[in-house]
Amino acid sequence: MANWFKKWFEKPLDPIGFDCLKTDMHSHLIPAIDDGATSLEDSINMIKALHELGYQKIITTPHVMSDFYKNTPEMILGGLELVRAELQKQNISVELKAAAEYYLDYEFEKKIKTGKLLTFCDNYILVETSFIEAPPNFKELIFQLQLAGYKVILAHPERYPFMSMEDYEDLQSRSVFMQLNLLSLIGYYGADVQNKANKMIEQELISFVGTDCHHMAHAALYEKCQTTRAWHQLVKSRKILNHTL
Ligand SMILES: [Fe+2]
């Protein structure tokens, strides 16, 4: 890319607030159950920050992994109640719900069979996979979920180095919704991820955007995302479904 073009492309635009999205559907705000919020205070601070950025509704999605974060629906919903009570106490008028970010690992197939998966709105389920490689039965797991009536959303596809544009097109043809992380737009996860994010936006492969907020350092960066050309393009495309949640 020529230098003048790069400078023009990266020149900050007027911010577009997240109120046009209404809802964030990927974050880690339940205290002390994954690598997100460490305390109730931390959780409330992040929720306040997201609310100030324009979100009216937050669907938080703690990690569920067989080895690291063995969170059950009861644990997640118990934590949700704690946070909701504190929001009410502090008069913070944001709607908070909880689901999960399910890691597709060796035990996930069993979890599908129990039927005890946390979903949001119209039976959407948020899933992620390893950053090194997808499980060998990746497509089979997606198919099983869809057969069981779930609408599958793949979290941050742009962050998987092993996935190509052809893979994303294939996932889209399998009715998998793809959720982009806002921080990918500012190069937070590196230039390769940012480039992939831009290409996916160009090709209208993205259906949802998420903050994937883990801590206040993340929260401090979303304002910068609002001034990027890629974010403006996403808003103008009218392809993003967050407002329907
Ligand atoms: Fe996440």
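How many bridges link strand β5 (residues 101-103) and strand β6 (residues 124-128), and in which sense do the two strands pair? They pair in the parallel sense over 3 bridges. The model shown is predicted; local features need pLDDT of at least 70, side-chain atom pairs count only at pLDDT 80 or more, and totals for chains, interfaces and linings use all residues. Residues are numbered from 1 along each chain as its sequence is written.

**View 1. The open sheet of 6 strands.** The strand order is β3-β5-β6-β7-β8-β9, and the pairing is parallel. β3 (63-64) and β9 stand at the edges with a single partner strand each, so one side of each is left without a neighbour in the sheet. Strands (E, at least two residues) and helices (H or I, at least four residues) are DSSP runs, numbered from the N terminus. Two strands count as paired if DSSP finds at least two bridges between them.

**View 2. Strand β8 and its two partners.** Of the 5 residues of β8 (residues 177-181), 4 are buried, and the strand is mostly covered. A residue is buried if 20 or more other C-beta atoms lie within 10 Å of its own, exposed if 12 or fewer do, and partly exposed in between, with C-beta atoms placed from the backbone. Strand β7 (residues 151-155) pairs with β8 in the parallel sense over 3 bridges, and Ile-153 has Phe-177 in β8 as its bridge partner. From β7 the chain crosses through helix α6 (residues 165-173) to β8 in a right-handed β-α-β crossover. Right-handed here means that, with the strands pointing away from the viewer, the path from the first strand over the helix to the second runs clockwise. β8 also pairs with strand β9 (residues 208-210), in the parallel sense and over 3 bridges. Asn-181 stands opposite Gly-210 in β9.

**View 3. The open sheet of 3 strands.** These strands lie in the order β1-β2-β4 with parallel pairing. The edges are β1 (23-24) and β4 (95-98), each with a single partner strand, so one side of each is left without a neighbour in the sheet. β1 and β2 pair over 2 bridges, and Asp-24 stands opposite Ile-58 in β2. β2 and β4 pair over 4 bridges; Ile-59 stands opposite Lys-97 in β4. β1, α2 and β2 form a right-handed β-α-β unit.

**View 4. Helix α2 against helix α3.** The axes of α2 (residues 40-52) and α3 (residues 73-89) come within 10 Å and cross at roughly 65 degrees. Axes are lines fitted to C-alpha atoms, for helices over the stretch in contact, and angles run from 0 to 180 degrees between N-to-C directions. Leu-40, Ser-43, Ile-44 and Ile-47 in α2 meet Leu-82, Val-83, Glu-86 and Leu-87 in α3. Two residues are in contact if their C-beta atoms, placed from the backbone, lie within 7 Å.

**View 5. Gln-56 in the loop between α2 and β2.** Gln-56 lies in the loop between α2 and β2 (57-60). Gln-56 counts as partly exposed because 16 C-beta neighbours lie inside 10 Å. Leaving aside neighbours within four places in sequence, Gln-56 is in contact with Lys-22, Val-94 and Glu-95. The C-alpha atoms of Gln-56 and Leu-21, 35 residues apart along the chain, are separated by 8.9 Å.
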